[in-house]
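Visitor: I am new to this structure and would like a close look at a single part of it, taken slowly.
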Amino acid sequence: MTLHNLACAQSELGLLSQATESLREAITLLADAVASDHPTLTSCRDRLARLLP
């Protein structure tokens, strides 16, 4: 959750590469710990998809 929130803040500040990294790290950690449809994991994936070209 902390990495998700950090990525949100980074994105709002225009720090898109850092936000992308934070989301990727969050997804990596969450993928092994929660169900694939967990709300935070889903949000991380959605946000990352919006940041990538």
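Visitor: Is the crossing of H2 and H3 left-handed or right-handed?

Guide: In this predicted model, local features need pLDDT of at least 70 and side-chain atom pairs count only at pLDDT 80 or more, while totals for chains, interfaces and linings use all residues. Residues are numbered from 1 along each chain as its sequence is written, and side-chain values use heavy atoms, leaving out hydrogens and water.

The crossing of H2 and H3 is left-handed (the near helix is turned anticlockwise from the far one by less than a right angle). The two axes, which are lines fitted to C-alpha atoms over the stretch in contact, come within 9 Å and cross at roughly 150 degrees, on a scale from 0 to 180 degrees between N-to-C directions. Where H2 and H3 meet (heavy atoms within 4.5 Å), H2 brings residues including Leu16, Leu23 and Ile27, and H3 brings others, among them Leu41, Cys44 and Leu48.

In H3, a helix (a DSSP run of H or I, at least four residues) covering residues 39–51, Thr40, Leu41, Cys44 and Leu48 are buried (under 20% relative accessible area, with exposed meaning over 50%, using a 1.4 Å probe and protein chains only). Because these buried residues fall within an arc of 100 degrees seen down the axis of H3, they line one face of the helix; the arc is taken from the directions from the axis to the C-beta atoms. Their cover includes H2 and helix H1 (2–12), whereas Pro39, Ala49 and Arg50 are exposed on the face of H3 turned away from its buried side.

Back in H2, which spans residues 16–31, lies Leu29, and this residue counts as exposed because its relative accessibility is 53%. Leu29 and Leu3 are 26 residues apart in sequence, yet their C-alpha atoms are 9.7 Å apart in space.

How values were computed
Helices (H or I, at least four residues) and strands (E, at least two) are DSSP runs, numbered from the N terminus. The expected span of a helix is 1.5 Å times one less than its number of residues.
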